[in-house]
Amino acid sequence: MALPKAAAATSAPVSIGMRTPRRSVLFFAFAFAVIADPVSSVAYAIEAALRALHGDLALLLPTMSLVIGLVVVVTANYWQLVRRFPKGGGAAAAAGRAFGARWTFLPIGALVVDFVLTIGISIAAAASAVIALFPGLAPIRVPLALLLLLVVAGLTWFGHGGRLLFAVMTVAFVLISVAVLVLGFASPHATGQAAATADPGWPAVLAVVLAFPVAMALATGIEAPSTAIAQLGQLDDTHRRRFGRGTLALLLVIVGGLTLALTALAVQLHVGIPGADSTQIADIAHAATGPGRLYGAFQLTSALLLLAAASSSFQAGPGLLKALAGTADRPGVLPTVLGRSNRHHTPYWSVVVYLTAAALIIVAAAGQEQELVLFYAVAVFVSFLVGLVAMARFARRERKTALAWLNGLAAAAVAFTLAVNLLRGWPMLSLAATLLIAAGLYVRWTRAGRPTGIEDVEAHAEAD
């Protein structure tokens, strides 16, 4: 899940008592940039669920409804996190203060893995969107993806300038998606050939339960508002809470609404598992609008939004490594070379680390985003689980029994989702990478003399 820097870079510091119109512009830049990652996940999450259902369209809407239900649960927890930590910090801050500093490294390790996967899957999905529009590029899928990766990584050299574009791309994609949906429900161009039902390989209820965790890639990015509010140093705690919670509410409405509407349209138009050179969301748009300008605009904006999601992780991931490397005033746990920055404050060696890791997984997956989706929701769900358990502990300490039970049940649901994904086998690699990174950071922290303040490293990464 990506943590773009829109607000810090696109708005000059203003007073706490700034006029409402200026605050509205700031909220627009902040909120729509932060939700670029979860909104972009719509491009591949629905297809991932359909593939897990072996093409059974009749079960697709119940499956995605269950996904949105769990997204609501996770969002509710981050609503609490924003209230408790208005200066940012997210699950890392919650874990450190609930269980001790050493537990901070588990959500940090999960975020590092999540940033790499966000870059890889977003770039691969952007390449797929381009190929769906220009099928002749299919033979060079991997080189195309690597070229897009290099372009996005190269743009990070110039720092966080222009993050307002993330907000614009998000709004453009949402508006064009609404146009596609209206036309698709009212007067579709064509219908697909997929059967309404298929054999998912399991009884219906069990098939849905086993399929929905794959589509939980849709939940990545939910943690972004709880950490990105650290960028808003020009606001007081009250307004940071409002910005964080307003962004979470906007995220839930847009992602939930688009997901369920596109899923319902796919079912109505019989759009099934796509061919090798297309995506389900592209086939939905094509069936709804035909091959004209609206279809082209839909593919273009979805590709740009996916590149924006990758770019935001190219900002946030290296920023986290830079914060872990420390400063002259704040001891770090990573080699100082990872904190070296150019005049645009870009930690270029940290960018190289993420570029290399993302390139490796893109090549390993042959540029297919659906191959990476299976790994995607594992690492970030470790962070979700830690955050939920931490909030349950806070509630118990404060004798808020109902809230403690709510957080406990939510933690159980997240743990179940994580377990089902891990049972697929290969996603264990994401968990292993998360645990190895967390353990390595803990060892380095211990050897460095356990410097204080590690719980706030995510907030430092954003504020820097």
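Predicted model: local features only at pLDDT ≥ 70, side-chain atom pairs only at ≥ 80, totals over all residues.

**First stop: H12 and H13**

Select residues 237-268, which form helix H12, together with residues 280-289, which form helix H13. The two helices pack at an angle of about 65°, and their axes are 10 Å apart. That angle makes H12 roughly perpendicular to H13, and the crossing of the pair is left-handed.

Now follow H12 along its length. Its 32 residues reach 46 Å from the first C-alpha to the last, close to the 46 Å expected at 1.5 Å a residue. Just after H12, select His270, where phi is positive at about 60°.

**Second stop: H7 and H15**

Move to helix H7, residues 105-133, and helix H15, residues 348-364. The axes of H7 and H15 come within 9 Å and cross at roughly 55°. H7 is therefore oblique to H15, and their crossing is right-handed. From H7, the contact draws on Val112, Phe115, Val116, Leu117, Ile119, Gly120 and Ile123; from H15, on Tyr354, Ala357, Ala358, Ile361 and Ile362. Colouring this contact by class gives eleven nonpolar residues, one polar residue and no charged residues.

Next, select Val333, in the loop between helix H14 (293-325) and helix H15. Is Val333 buried or exposed? With a relative accessible area of 3%, Val333 is buried, because the cut-off for burial is under 20%. Apart from its neighbours within four places in sequence, Val333 is in contact with Leu324, Leu441, Arg444 and Trp445.

Select helix H6, residues 90-99, and helix H16, residues 369-397. H6 and H16 pack at an angle of about 45°, with 8 Å between their axes. This angle makes H6 oblique to H16, and H6 passes H16 in a left-handed crossing.

Display Ala91, Ala94, Ala95, Arg97, Ala98 and Phe99 on H6. Their partners on H16 are Ser383, Val386, Gly387, Val389, Ala390, Arg393, Phe394 and Arg397. The contact of H6 with H16 contains nine nonpolar, two polar and three charged residues. Among those taking part are the arginines Arg97 in H6 and Arg393 and Arg397 in H16.

**Final stop: Gln80**

Finish at Gln80, which lies in helix H5 (residues 60-84). The relative accessible area of Gln80 is 9%, so this residue is classed as buried. Which residues does Gln80 touch, leaving aside its neighbours within four places in sequence? Select Met391, Leu403 and Asn407 to see these contacts.

Notes: Residues numbered from 1 in each chain as written. Heavy atoms only, no water. Axes fitted to C-alpha atoms, helices over the stretch in contact; angles between N-to-C directions. Helix = DSSP H or I, 4+ residues; strand = E, 2+ residues; numbered from the N terminus. Parallel < 35°, antiparallel > 145°, perpendicular 65-115°, else oblique. Left-handed = near helix turned anticlockwise from the far one by under 90°. Expected span 1.5 Å × (residues − 1). Buried < 20%, exposed > 50% of the residue type's maximum accessible area, 1.4 Å probe, protein only. Contact = heavy atoms within 4.5 Å. Nonpolar A, V, L, I, M, F, W, Y, C, P; charged D, E, K, R; others polar.
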